[in-house]
Each structure stands twice: as C-alpha cells, then as structure tokens.
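Thanks for coming. I will keep this short, so please have a look at the model first.

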Amino acid sequence: MPVENNVKILPKSVVCEESTLRGDITFSAGCVVHPSATIIAEAGPIIIGENCIVEEYATIAHRLADGASYDTNNILSIGSHNVFEVGCTVEAARIGDKNVFESKSFVGRGVTVSSGCVIGAGIQMRTAQLMPENTIVYGQQALQREAIEKQGSQTLQIDFLRKVLPNYHHLRKPNYDPKKARSVI
Amino acid sequence: MSFMQPSPVKYACSCGILNPINKLFFCRHCPKLRCGFCVCHEIESHFCSNCLENIPSSEARHKKNCCANCFDCPCCQHTLSARATTVPVVRKTEESKDGESATEATPSPKPSAMPTTKKMYYLSCLSCRWTTRDVGIPDQGVATGTWPDKECLYQVRFNTLMEYYQSLVLQEKQEKQEFLRRKTPKQHKFPSLTDRTGLTVSLIRRQIGWSDKNIPKTKPINIAAAEATAEVEALPEDIFTQPINLRNITTVAQRHSQPAEQPEAVSKLYPQRRSLWIKRSLRCRQCEHNLIKPEYHPTSIKYRIQLFASYHVPEVLMVRCEQPLQPGQANAIFLKFTNPTMYDMTISVLDVAPQDAQISPDTFQQACRIKEEAVTSSPLLKTTGITLARQNSIREVKRDVRELTNATIVPLEGPFVLNQRDDSKEFDEDVQAPTEEPKFIVWRKANKVLIRLEFTPAAELQSGNTVTLGFYMQYTYVNTVSNTPDKKEPTTHALYSRIFIEAGDIANAIAN
Amino acid sequence: MEIPDTYYSKDEYVETASGNKVSRHTVLCGSQNIVLNGKVIVQSGAIIRGDLANVRTGRYCVISKNSVIRPPYKQFSKGIAFFPMHIGDHVYIGEGAVVSAANVGSFVYIGKNAIIGRRCTLKDCCVIEDGAVLPPETTVSSYMRYTAKGTIEGGQGNPYFVPAAMQDEMVNYTKSFYEHFVRTPAPAS
C-alpha cells in the first residue's frame, strides 16, 4: 500500500523543493533541508525536531521491517539540533538531540543514538546497539570515545542558511501553524 | 580506466625490476633506465607538511625532526588545530570552562556585557573531538602556542648517555689522530731541530691569533651502568574486581605514538609534535649524477633536475586487443607509441635482444669513470654522513629480467620512424599527406603512432590466466648532453628496453 | 592504458562556448557564483553549491558522477561564514566524492568516494586515494598521497606513492579524458 505523502512543515523551517520527501513527515520549527536530500517514512511517521539540518544526498529512512506494514503509531522521532551531513544514510531506531552524522556515514536499523554523539565521516554502524551520550565514533577502525564537552549547536549555521537559501531555491511553504491549528479546533 | 589503476605496460629497468614508465627515470649520462630501487635517495630539504614551512637541516636535527608549531592528536594521530575562545579577564576561573567559544558556538547569552575579554586558545582535533582541555592542559594566550613539552621521565638518563657517547667518540677520534701523527713521517723537508718540544709552533699560532692546538684530552664521563631487575610490581588489587571501562584505556597505536611514557589511561594522552617530512633527490648510483632534484621550497612542485623516463624513452600505451584472448589463437594488439623528445626516433620491435645495439659507447663509460673519480674524491662524499647514508655501490648488481611472457609475438617487418614532439602542432590542423607507410601502422599523428602487433598466446593457457607478451623495443636516442668537453654535437645511440604488456585475461572458451 | 571513449547523449549535456560540458542532471545551485574556466566536465548527479559561496574551477577539470562540491564554512563567535572555494587546473574529482576543501591546487587527483572535510587544503600534485576520509582542516602538501587508511605518504622525489611527473600525468590524463568524452555518434539515417 503506497503511503500518502503528508509533509507538515512548521514555520521558520526551510525545506528545498528539490528534496525527496515520502510519507508522513513533520518538520519542527527551524529545520533546514538542502536540495537532493531524501527522507522516507515507510514504516511510520517521522517527526524531526527543531533546528535540524539535512544536507545534500543525506537519507533519513524509516524502513519497513520484513513483513510489517505501515503503522501510524510507529513513529521515528528525531530530536533537535541534529546535523545530517552530505551523503549520510540514517535508519536509526531513535535519535536524540545534538548529534552529528558526518559525510557518508551509515547508521543502520537497531542503532539507538542518544544525544551529543558524532558518527565520523564514512563510518558504517550496522549492529544493533545503544550509543551512550557524547559518544564519538572516529577513524578508520570506528573507534569510540566519550567527549568531555557536548557538541556545539548549529544555530548560527541555521541562521545563515535560513537567510541565504530562499534567495536561490524554490522552497516548500510552511503549511502547518500550531497556533492556527489550535484555534481551528 | 582510472588514473590510479596500475598500467598494463611495464618496462624492465636496467636493474631488472619491472616498472611502469611513470616510476622510471632515465640517466642521460649512462644512458640507462633507473628505478627507485637502483638509485641513491638523499634528503633534499626538511619541511612540515602541515604548516608548509621549510626547516633547515641543522634546525631539524635540533628539534628532533619535529615541527615547532604543529601538533598531532594523541588520540587519533590527526593534526590538531587551534581554537579560539574569548574569556573574560576578570572572572577567569568559572568562565574559562564554558565561555562562549568561537567555534563551538554556544550562543552567547551576553555578548557585550563583559568588555574586557581576552582570546585564549586550545588545541582541538576535528576528527575525534579530543581537546587539550580533556587532559587539563591550560589554554594558551597565543595561537601557535607555547605549549609545554612534556618532559620525558628518562630524559636525564638519556642526556647523560648522550654526553657519554659523544665524549667517547671524541676520545676515539683524538686517539686516532694522535696515532696517525706518530705514524706518518714528518712532512717537513728538513728535520726541525729547534722545535722538539712543539713550543715554537704554539708560539707562532698564538702570535697569529689562532687558538692553541693542544686541546685538553677528553676523558669519558663515568656513568652508572644500567641494571636489569627481575622484580616487577604486583598488580593492584582492584584490577580483578573493577570492571574495565575500555573507553578510558589507550589503544596500542596511542601508546606507540607516545613511546616515552606509553600511557595506559586516556587522561595521560598529551599532544605530540608533528614529525617533519623530506623532499628527496635521487642520484644515479653508477655515475653519481642527479636524476631528480626538487626545488627547496615546500610548496614548489618544480624540479631543478628532472630526468623522468617519460621525457626520453618512447612511451608505449596499450589500446586494445583485436579479439578476445584465446589460447593458441593468433591475435593482434594495438599499441600507441609516443615520442617525447625533440628528435625523430627510429623504432623497431624485436623478439630477441639486438646484438650490436646495446650500449657500447666507450666514450660514455670513460666519461663516467672520470666523473666517478672526481666525485668520490670530492668532499661531497664525506658530508653525506649528515644526509642519508649513501649506499655507494658503484658496481651494479645485474639481475636477469624474469621471463614472464606466455605469448609469442610476430616482430614487425621493419623499423618505423616516430616524429619529434612539436607542441605547436597541437594547435594547427594540418592534414598530413598520406605517405607510404608500412602496413602495420594503423594511424599516425604528430609524434604518435598506432601500430598493430600480431601475437599468439601460448596454447596451454587456461581461462582466466593473464596473457603477458614481451618484446624488445629498440629506439634511437639523441643525447644532447655531452660528457666530454670536446664533443659539442649531440650523439645518437641505439638503445633498447624490454617491455612487457599484460594484454588481459584469457576469455572463457566459447564452445566447450 | 588508453582511456576508452565515454559517450554522452546530445540531449543530456550542455556544451558552452568555452568548452565546458555540463550534464543537465546536475544541481548547480547559485549558478551565477560558479565559474568553470573552460573544458570542464560536470557529470550527472554532481552538486555544486554556488549558493553558499563562490566556486571557481580551473581548466580541464573533471567533476564525476554524484560528487558534491560544497564550499566550507567556519564558525565565528558572531556567526558563520562560507568561504569561496578554488579548484586549480587539471583536477580530477572521482565519483561520489564530497569536497569541502578551502583550496584544491592544480594537478590533484581525488579518488572516488573520498571525503574532503571542511577547510582542507590540497596542494598542487597530491593524490587522495579512493575512499579516503580527510578530517576538517587537513593539509595535504605537494606530492603527498592521502591513503584510504588515513595516513599521509610520499613527498617530492619519492617515486613510490605519487609519480614524480605528476604534473604531466594529470595534464595528459585530464586532457585525454576530455578528448575521449564525446557525443554519441548520430545514427546514420
């Protein structure tokens, strides 16, 4: 059964039209989606928290398990201030806040990413595991270490992109205003 | 076809090793092919590959071949970069921890509330996010940093050992000199009767203003010899009871990057000074001429001497085989020859070594010999102790080229001419008048010729085996360098190189 | 080995007066900020982010399929800035590479699926192996080879890692790549 596209974009989000969005996706305020990004909500809705950045060729997928079908209650919730860099593929079960998925990294199903984690460029994480807070995965051998300080947030970059991207790209209009929605009810 | 893929065409170097042409050099003085294996490697200059600063060799030695400004991450061995933070000067204690950082970009809550701020720097690794703050190194006021060097635990011992051996060397040298002085007969024509004590000499020396010759004899310092002990401290009790947190334990690579301490805990990791890099110059072992001499400057990509084989030897490119390769079936390969020199070349493709062609220029050998002697007696050789120890083997170890071919070629009927390279021809569209060409020449343009060479893979090859064909390429080479001063005219030599081509794999048999 | 001809369809590629061949299936954002200095090939799926900052390439560059050219940014206390990116002449960027360097010199070979982090500096005549990952702010100096293992090898005069005549080799390679990148011959009718 093909899932109907239902993309909710909250105000102050910048979502480029050239991105591929499939299924029920909600962007919270302040998200930036670059062109050629892909978000697929196959198994259930995806809710992306505030101030996330999804760059070119990044793929966020909520994939169907074998034999399962679309389930509205099976929500993939992604926290706020996450950065999905160029060409990463993220199919994680749950994602907290302030994580960075560097270029061409791969996070498979069954990985639970807490907060403040960095998945280094080109690293593949396929086994099911829980990544504790502030885990840094780095290097060729995908070594892990714990950062002492939390990763800084990307608000400044988002401010810049929010200013610049509308000058060059066709955007998907914010179509969902929580205030209005409430008043209608 | 990628640039990185190994080339199927290999040339046999004069030392017998097969190499693609881009790894070969051509010594114009010998004249022979040379590869990285049969030349002397010398250090041309030291530089830091991160800050690209040239460092004189004396300074490099003083700094233990490390850069003064750049550091490597002790955690992942990547370069550390300096990060700036603004720290309020007054309340230093609290704010320095989580003051608004320039790069981490914590949104500044009160940007102009504190007018007196100071820029402080810390080092941070952008690969594994390690920072100098992780191990409690205080931030520095300057970006390049007066980062403290961790004093090695055994530094004192090392220093005494060093002093000891230096004095030992000095003493041996003095003894040798003394011995030689006594052994050698007096150089004076007349035995000096007045100067039996050596006083006159020292008097004259003092009058001229030279220092006194008699340096006091050095005696080696007494040092305590190292003692081996068999006693090892017992393991702490909690090692058996406490669960191990692998994240706090260093990896083997991390320990090896800090050989002096080899810390076990992550908290003991310390930024390491970055090692320097070198530019090399290569020298022909037979005639001691430079084959490659790079420019000193680290960012320069130029050479002062560049005798690449691709500048002197005709380049052979494999284009394709005519048919899928089958054992025992006649096939043909298309090869593109390119002449890189400014002179026309006559090329023949042979299946046996040319008899008379091989370098018999006595003038060459002689000239080389003269040069050799000149060089070996020069002080140059003595100074090479500073640079790489030169493997000074004039005598070349001849090794036979391994017989690799498993195909027989049909040699070309005759030689053909490869026109000189002319860069200006690239731009004009001249139509060459069709001339009478031997029939193996498929196509010709400027300094390039495409030929068709017939060959037959050996009959016993299995499918999947690689077919290698080999031949001798004889070519005329015009040498513009004159070894002997009386010869001004460029000399022409007939040289040859063995060439091996991996034509491809035997295709699966068609009807089996 | 001789580079075989690569054919493209007339409908897919746009050829400019200066000889650039640009696929229509690319994402060239902010095209007014992108300067391709002639005889540059941009293959399908490539993304050049001229909207973030200026991007300038030299002559005879090859930007392969699905690669991303993205000017680097730097964070300051008061905001961030994207820096313009310069790519020299005769540079090959392999398939699927992500290039966020501040500066790419001339005669540089970037292998496929390589990742060049933010504000890296690639000097002239260096080689980045296939699948290599350069962390941000890495400098690769001339005649160095950044391996997929993450080490830097070579140096000028070392014949084992980067060919000594890298400049000539890259000139030849990019030129013959351009010459062998030809339009599919029209079917005889």
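This is a predicted model: local features need pLDDT of at least 70, side-chain atom pairs count only at pLDDT 80 or more; totals for chains, interfaces and linings use all residues.

Residues are numbered from 1 along each chain as its sequence is written, chains are lettered from A and ligands numbered from 1 in the order written, and side-chain values use heavy atoms, without hydrogens and water.

Chain A first. DSSP runs give it 2 helices and 22 strands, where helices are H or I runs of at least four residues and strands are E runs of at least two, numbered from the N terminus. Of the 185 residues in chain A, 55% are buried, meaning under 20% relative accessible area with a 1.4 Å probe, protein chains only. The C-alpha atoms of chain A fill a box of roughly 50 × 45 × 30 Å along the principal axes.

Now the interface. Chain C contributes 30 residues and chain A 24 residues to the contact, which is defined as heavy atoms within 4.5 Å. About 2,100 Å² is buried between the two chains, and carbon and sulfur atoms give 59% of that; buried area is the accessible area (1.4 Å probe) that two parts lose on being put together, summed over both.

How many salt bridges cross the interface of chain C and chain A? The rule finds 4, taking a side-chain nitrogen of Lys or Arg within 4 Å of a carboxyl oxygen of Asp or Glu. One pairs Glu56(A) with Arg49(C), with the closest N and O atoms 3.2 Å apart.

Definitions and conventions:
Buried means under 20% relative accessible area, exposed over 50%, partly exposed in between (1.4 Å probe, protein chains only).
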